[in-house]
Amino acid sequence: MNNPILLSDLSLSSSLGKWWDELIVSIMESVRECLREMITSNLEEAFADFNSNLDGFTQSLSKSPSQFNPRAFSTIVSLSKNAILPVAMVILAFIFVTELYEFTKDSNSGMGGFNQSKFIELMGMTVLFLFITVNAMDIAYSIFKIGAWAVQKAGASSPSLTVSSSIWADIAEEEDIGALISAVVTSFLIKLLMTVINVALTLCIYIRMFEIYIYLCAAPAPFATLQSRDWGETGKNYIRALIALAMQAFFMLAMIAVYGAVLGGMDTSGKSLSGALWECVAYCAMVVLMLFKAGSISKSIFNAH
């Protein structure tokens, strides 16, 4: 005959074991849910902060030099007129004297005598480049306005940054606590890198604008060299550099747009959650490096050096 006390103990032990197992399962599920929320929160905050700043970046990149910092612009205008323009006039005068010397030498060497049409052409070209040199800053400024228009068009069509929908599904389906903990660390790193992208964009914007101010300030001098056959390449390269600087902002926004398209279209099939998030980290690091290379890429495209 069974001992009733022993049966009661076994029943109590079984009930306690079942309760303990359910408690462990409940705790583990709560931990998983907490980790999932941390991953989701990190990713949402990272891209929400960047997208909220993207319009501000676009507006900054599309501003003309005078709009970006009126006080700095008035300073470089003053420097250009009072310091660089007189130097440009000296360069232009030297080029005119050189060209006139060559013309006189050719006329006196018996090569057809005095060529009136060529002399008129020389005088006309000098007057034309005198006008161009005096208005060099306005011409250079108009180049940046074209670049600003391109940036506005690029900003209007630039998509918001978001993580691929397959990653959100992977987060919801992941059951391994170790993988979720690793994903939490990785998502925090993505959040940190998105902040770095914000800082990199801000730095690139200010560095580019400082370059623009220096280029605008010096505008009369290289424009004055355009008339010369020997020095003309200096002015041509300066114009190419202006175009490269104007379009640099467009390439920066293009990089962000491509980054957003790649990130939003990531295919995570066959990858672990941690692997997919580390791929996001790689893309974040890549776009930071590319933003700092935007200037050299633009100069390479327009053959400026």
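Two residues are in contact here when heavy atoms of each lie within 4.5 Å. The model is predicted: local features need pLDDT of at least 70, side-chain atom pairs count only at pLDDT 80 or more, and totals for chains, interfaces and linings use all residues. Residues are numbered from 1 along each chain as its sequence is written, and side-chain values use heavy atoms, with hydrogens and water left out.

**Core**

Methionine 194 is in contact with Ala46, Phe47, Phe50, Leu161, Tyr259 and Cys284, when neighbours within four places in sequence are left aside. Met194 is also, with Phe47 and Ile197, among the residues with the most contacts inside the largest nonpolar core, which has 75 residues. Such a core is a set of buried Ala, Val, Leu, Ile, Met, Phe, Trp, Tyr and Cys residues joined through side-chain atoms within 4.5 Å. Buried means under 20% relative accessible area, exposed over 50%, and partly exposed in between (1.4 Å probe, protein chains only). H7 gives the most to this core, with 17 residues. Helices are DSSP runs (H or I, at least four residues) numbered from the N terminus.

Glutamine 248, in helix H9 (residues 232-264), is buried at a relative accessible area of 8%. Beyond residues up to four places away in sequence, glutamine 248 touches Arg208, Ala294, Gly295 and Ser298.

**Salt bridges**

The structure holds five salt bridges, each a side-chain nitrogen of Lys or Arg within 4 Å of a carboxyl oxygen of Asp or Glu.

Lysine 191 in helix H7 (residues 177-217) and glutamate 45 in helix H1 are 146 residues apart, and their pair links distant parts of the chain. Lysine 191 is partly exposed at 24% relative accessible area, as is glutamate 45 at 35%.

Arginine 229 is exposed, with a relative accessible area of 65%, whereas glutamate 99 is buried at 16%.

Arginine 36 and glutamate 33 both lie in helix H1 (residues 4-61), three residues apart, or about one turn of the helix. Arginine 36 is buried at 8% relative accessible area; glutamate 33 is partly exposed at 38%.

**Pockets**

A pocket is defined on a 1 Å grid over the protein atoms alone, as an open set of points where a 1.4 Å probe fits, with protein on both sides within 12 Å along at least five of seven lines; lining residues have an atom within 4 Å of a point. Its volume is the space filled by probe spheres set on the points, which are joined across faces, edges and corners.

The largest pocket holds about 260 Å³ of space. Glu99 and Arg229 are among its lining residues, as are Asp106 and Lys118. H3 and helix H4 (116-134) are the elements that give two or more residues to this lining. By class, the lining of the largest pocket has three nonpolar, one polar and six charged residues.

The second largest pocket has a volume of about 160 Å³. H3 supplies the largest share of its lining, five residues.

Methods:
Nonpolar A, V, L, I, M, F, W, Y, C, P; charged D, E, K, R; others polar.
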